[in-house]
Amino acid sequence: MSDKPEKFIDENGLRLDGRQVDEMRPMKMELGVISRADGSCYLEWGKNKVMAAVYGPRELHPRRMQKADSVLIRYRYNMAAFSVEDRIRPGPNRRSIEISKVSREAFEPVVLTHLYPGAVIDVFAEVLQADAGTRTAAINAASMALADAGIPMKGLVAACAVGKVDGQLVLDLNKAEDNFGDADFPMTFTQDGEVSLVQMDGNFTQEEFKQAVEMCKEGCQKILGMQQEALRNKFAGELSTDEVDVELIEEDVVEAESDDVDEGAAEPEEVDEDVEESQDDVEDDSMIKADEPEFEEDEPEDEPESEEDEPEEETA
Ligand code: UDP
């Protein structure tokens with residue numbers, strides 16, 4: 001790991017990577033990059049590279065895990081072994097299980113879960129390259145992948161973090177600021193302005209806390225704008241209207257609600273045997289499931305051991 005920089009902010013008020021304190025790293029996203037997924041998004045944010053893929057809604061197996069009145073959302077955040085300086089041991093760890101849990105919860109206020117009782121929506125977020133802010137990058141990508149999959153949602157979710165270095169609040173921490181700074185405060189905002197995730201590492205004064213919330217909110221609003229733009233670019237042609245924006249998606253949602261589950265794009269798929277087999281692949285401990293005990297160490301009964309629980313691997 002590199003050493004702690006002497007100063008994070010220079011005499012001109014610029015950060016080590018040349019950004020202003022309230023400036024985010026450049027972000028770009030591309031939808032529909034994984035053809036087998038129902039929805040997907042590749043997102044770059046500074047040096048972070050994240051892939052999100054959504055499968056479902058589809059019938060949930062084993063059936064005992066089904067929820068009678070709503071869809072089950074599972075979210076798996078995973079860092080590729082090669083995504084960081086020191087190789088990470090593959091498979092879930094305490095950090096990734098926690099991030100998966102809070103990320104899933106960040107989507108609960110927006111996904112219209114009651115439309116697909118008994119079904120499951122699987123969200124996979126794979127970090128390919130990490131430079132701090134990977135949980136927020138993954139949430140931004142997952143939000144887009146869910147929209148790309150046509151999952152009925154009240155709106156999008158956007159995430160970003162604020163931290164503190166040299167006694168100053170900074171938006172969207174890079175790795176040095178994250179590792180050596182005094183605070184890391186990731187948040188998510190829904191399109192309605194609702195907060196669906198807050199985490200905090202370090203300390204803020206009350207005043208700093210208020211200011212940090214405002215900075216996160218502004219950052220998330222910018223991200224929501226970019227997300228809407230990316231959706232517009234992908235779907236405007238398909239819907240052949242210049243007026244396409246997220247409001248249209250909201251209208252679809254209302255329609256879907258009133259028609260209940262009919263032939264909508266996101267209708268749960270019938271599961272044939274092949275699909276069932278592939279579903280078993282995702283039945284691993286790293287998937288955080290709603291209404292299940294979290295941080296459960298034991299394998300579910302009758303489930304084959306997942307590959308990721310193989311014995312410790314040698315370090316590179
Ligand atoms: N990191 C790492 N190894 C790990 C976990 C994290 O090198 O096992 C790095 C990675 O660059 C990550 C950063 O530390 O983005 C900050 O990690 P944190 O736990 O704060 O999560 P993040 O900010 O990525 O959501």
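Me: Is the crossing of H1 and H2 left-handed or right-handed?
Reply: This is a predicted model, and the handedness is read from the two helices H1 and H2 as they cross in it. For the crossing of H1 and H2, the computed hand is right-handed.

Me: At what angle do the axes of H1 and H2 cross, and what does that make H1 relative to H2?
Reply: The axis of helix H1, which covers residues 94-107, comes within 11 Å of the axis of H2, and the two cross at roughly 45°.

Me: Which residues in H1 meet H2, and how many residues of the contact are nonpolar?
Reply: On the H2 side the residues that take part are Arg135, Ala138, Ile139, Ala142 and Leu146, and they meet Ile99, Ser103, Ala106 and Phe107 in H1. Divided by class, the contact of H1 with H2 has one charged and one polar residue, while the number of nonpolar residues is seven.

Me: Which elements give two or more residues to the shell around the ligand?
Reply: Of the 13 residues around the ligand, those that come nearest are Val84, Ala130, Ala132, Thr134 and Arg135. By class, the residues of this shell divide into four nonpolar, two polar and seven charged. The elements that give two or more residues to the shell are helix H2 (134-148) and helix H3 (175-180).

Me: What is the phi of Asp166?
Reply: Asp166 sits in the loop that runs between strand E6 (157-165) and strand E7 (168-171). Although Asp166 is not a glycine, its phi is positive, at about 50°.

Me: Over which residues is the pLDDT below 50?
Reply: The protein averages a pLDDT of 85, and 75% of the residues score at least 70. Where pLDDT is low, the predicted coordinates should not be read in detail. The pLDDT is below 50 over residues 271-283 and over residues 290-316.

How values were computed:
Residues are numbered from 1 along each chain as its sequence is written. This is a predicted model: local features need pLDDT of at least 70, side-chain atom pairs count only at pLDDT 80 or more; totals for chains, interfaces and linings use all residues. A residue is near a molecule or strand if its C-beta atom, placed from the backbone, lies within 6 Å of it. Helices (H or I, at least four residues) and strands (E, at least two) are DSSP runs, numbered from the N terminus. Ala, Val, Leu, Ile, Met, Phe, Trp, Tyr, Cys and Pro count as nonpolar, Asp, Glu, Lys and Arg as charged, and the others, Gly among them, as polar. pLDDT is the predictor's confidence in each residue, from 0 to 100. Two residues are in contact if their C-beta atoms, placed from the backbone, lie within 7 Å. Axes are lines fitted to C-alpha atoms, for helices over the stretch in contact, and angles run from 0 to 180 degrees between N-to-C directions. A crossing is left-handed if the near helix is turned anticlockwise from the far one by less than a right angle, and right-handed if clockwise.
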